[in-house]
Amino acid sequence: MSMNMYPEHMRDKWPEQRRVWERRDAGLPDPKILVSGALGHIGSAVLRAWFGADLVALDNLSSQRLASLFHLPQRIPFIEADILDADLDAILREYKIDLVVHLAGLIDAEASVKDPSRWTWVNGNGAARIFSACAAAKIPVIWPSTTSVYGTNQAIVSERSPLAPQSPYAVSK
């Protein structure tokens with residue numbers, strides 16, 4: 001199916017999805033993408049935006065977003081696991097993952113101030129485990145950040161803006 005058959009507004013809105021369509025147009029197989037934190041707010045949006053790609057969803061269900069699980073298309077495999085103790089090497093091998101989108105972690109900046117060691121442990125060690133497993137398997141990782149890393153007084157930020165995290169959450173990103 002040619003990418004030209006997709007509405008222009010979709011091609012511009014989701015450049016990542018466009019790459020999937022371009023691979024298909026070239027006769028290449030879809031990359032197998034693991035989304036950690038797949039049932040969180042951003043993770044579920046990634047699953048919707050990349051619907052049709054070869055996805056695998058991983059989440060520990062700690063956010064109590066069980067409703068998201070019921071909206072997961074049946075063809076997307078779901079792995080209930082925590083990145084802090086899952087056998088990530090085995091998951092990457094078993095599902096033949098080509099790319100990881102790492103979104104798992106704790107997100108509440110205000111709560112992170114009350115329990116900074118928990119945010120540092122979960123987000124820091126979780127990311128380190130993902131990066132380690134992916135580096136060993138030579139798999140690229142997309143790890144989105146947050147504008148919180150630039151502080152709270154920034155009206156407009158870019159990746160060149162100075163870093164000024166104001167919470168343990170922001171530091172962990």
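In the predicted model described here, K96 lies in the loop that separates α5 (88-94) from β4 (99-102), where helices (H or I, at least four residues) and strands (E, at least two) are DSSP runs numbered from the N terminus. The residue has a positive phi of about 55°, although K96 is not a glycine. Most residues other than glycine have a negative phi. K96 is also exposed, with a relative accessible area of 63%, on a scale in which buried means under 20% relative accessible area, exposed over 50%, and partly exposed in between (1.4 Å probe, protein chains only).

A positive phi, of about 60°, is likewise found at K138, which is not a glycine. K138 is placed in the loop between α7 (116-137) and β5 (141-142), and with a relative accessibility of 75% this residue counts as exposed.

The protein chain as a whole contains eight helices and five strands, which follow one another along the sequence in the pattern α-α-β-α-β-α-β-α-β-α-α-β-α. Of the 173 residues in the protein chain, 39% are buried. Among contacts (heavy atoms within 4.5 Å) between residues at least 6 apart in sequence, 49% join residues at least 24 apart. The accessible surface comes to about 10,400 Å², of which 55% belongs to carbon and sulfur atoms; accessible areas come from the Shrake-Rupley method with a 1.4 Å probe, and for residues only the protein chains shown count as cover.

Residues are numbered from 1 along each chain as its sequence is written, and side-chain values use heavy atoms, with hydrogens and water left out. Because the model is predicted, local features need pLDDT of at least 70 and side-chain atom pairs count only at pLDDT 80 or more, whereas totals for chains, interfaces and linings use all residues.
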